[in-house]
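Here are my notes on the model, written for someone who has it open in a viewer. Could you read them alongside the coordinates?

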Amino acid sequence: MRGAKVETQGLFSYVSPEQRVPQDHPLRAIRAIVDRSLAEMDSHFSTMYSTYGRPSIPPEFLLRALLLQVFYSIRSERQLIEQLNYNLLFRWFVGLGMDDDVWVPTVFSKNRDRLLDHGTVREFFRSVLEQARGQNLLSEEHFSVDGTLLEAWASQKSFRPKDPEDREGDGSDFRGQTRSNETHASVTDPDARLYKKAPGEASRLAYLGHVLMDNRHGLIAGEQVTTADGTAEVDAAVQLVDDLGGNQRITLGADKGYDRHGFVQNLRDRNVTPHVARKRKGSAIDARTTRHWGYAMSIHVRRRIESIFGWMKTVGGMRKTRFRGLERVGLHFSLVTVAYNLVRMVRLGVA
């Protein structure tokens, strides 16, 4: 029997967003981890907003909303606000009620910039990582490092001579010109650098994102964004190792791009065993390292870091950053690493 087509709309609803979300939905476990971290950051938020007179968007709501933008590959904050207006799942995760007003996109963006000024996202990253450490998900001994190219939000036309007197036309015709980072810079994103990851590839305006991976469960133990140049990868790797702290011996896996005498010696001076893939000629790695079975294991496991970059670029939107400037690109990169760790922790059974 065909049902009657009745399209009347009820004036009142007695169902909350909490009841609409299935009990086995993955976001429930993620929100439990997020809420514990945000509770630990309460004093940080109090200090952060002590100088502002008018009430702002609660930072807890702001961070949860930004995480949703990463999880669901939402391409803009304007579209995120639109989703928050009618998506009950999003409202529940952020903490908004059925009748709560949604923020204006420009107000949302302005409040997001406060996170940059106070290092809130990196504090959030540290807090989530501490939860993983408390669940014994980090090895504390074996790590891998690698870098990836992050295409900048700037076109080739914006890469113009630094001397205004040398600029001719609109920058669209640069055939036959010799362009380099020493003589040229982007007028829309001065922090971006002309760079290519491998020989034979086209040069593009970009940044470099660096990740330190824990070898036990593939969690991100450290992250950093730098300008793109020939030594940025090895310099960032040393910095990430220093940020780990501690005096115990650790191992660090890396690809052939890190097989440099200076880098290997820097690691050994820091009580780090360099499990770096060897070049065919002139390798800095010898039998002192390769004869141990742990070396072969690190070389095998370090390939897992490529899956992290793949997730960050396809899901997290880091293939081409939507932000300009090193600080803002770094903020987004940190947020995406937090999102990756949350997804990974839930898959490992943390709740």
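The points below go through domains, pocket, cavities and salt bridges.

1. Some housekeeping. This is a predicted model, with local features needing pLDDT of at least 70 and side-chain atom pairs counting only at pLDDT 80 or more, while totals for chains, interfaces and linings use all residues. Residues are numbered from 1 along each chain as its sequence is written, and side-chain values use heavy atoms, with hydrogens and water left out.

2. Eight residues from domain 1 and six residues from domain 2 take part in the contact (heavy atoms within 4.5 Å).

3. The interface between them. Domain 1 and domain 2 together bury about 440 Å², with 52% of that on carbon and sulfur atoms. Buried area here is the accessible area, with a 1.4 Å probe, that two parts lose on being put together, summed over both. How many salt bridges cross the interface of domain 1 and domain 2? The rule finds zero, a salt bridge being a side-chain nitrogen of Lys or Arg within 4 Å of a carboxyl oxygen of Asp or Glu.

4. The largest pocket. It holds about 390 Å³ of space. On a 1 Å grid over the protein atoms alone, a pocket is an open set of points with protein on both sides within 12 Å along at least five of seven lines, a cavity is a set where a 1.4 Å probe fits but cannot get out, and lining residues have an atom within 4 Å of a point. Grid points are joined across faces, edges and corners, and a volume is the space filled by probe spheres set on the points.

5. What lines that pocket. There are 19 lining residues, and F125, A221, G222, E223 and D243 are the closest to the centre of the largest pocket. Helix 8 (120–134), strand 6 (220–227), helix 9 (232–244) and helix 14 (326–347) each bring at least two residues to the lining, and helix 8 gives the most, six. Helices (H or I, at least four residues) and strands (E, at least two) are DSSP runs, numbered from the N terminus. By type, the lining has nine nonpolar, three polar and seven charged residues (nonpolar: Ala, Val, Leu, Ile, Met, Phe, Trp, Tyr, Cys and Pro; charged: Asp, Glu, Lys and Arg; polar: the others, Gly among them).

6. The largest cavity. Two cavities of 30 Å³ or more turn up, and the largest has a volume of about 90 Å³. Its lining includes L66, R112, V121, R322 and H332. Helix 4 (59–71), helix 7 (105–118) and helix 14 each give two or more residues to that lining, with the largest share, four residues, coming from helix 14.

7. Strand 1 (142–151) gives the most, three residues. Three of the lining residues are nonpolar, two polar and three charged.

8. Salt bridges. The whole structure has 14. In one of them, the side chains of D35 and R64 meet at 3.0 Å, N to O. This pair joins distant parts of the chain, 29 residues apart, with D35 in helix 2 (residues 26–40) and R64 in helix 4.
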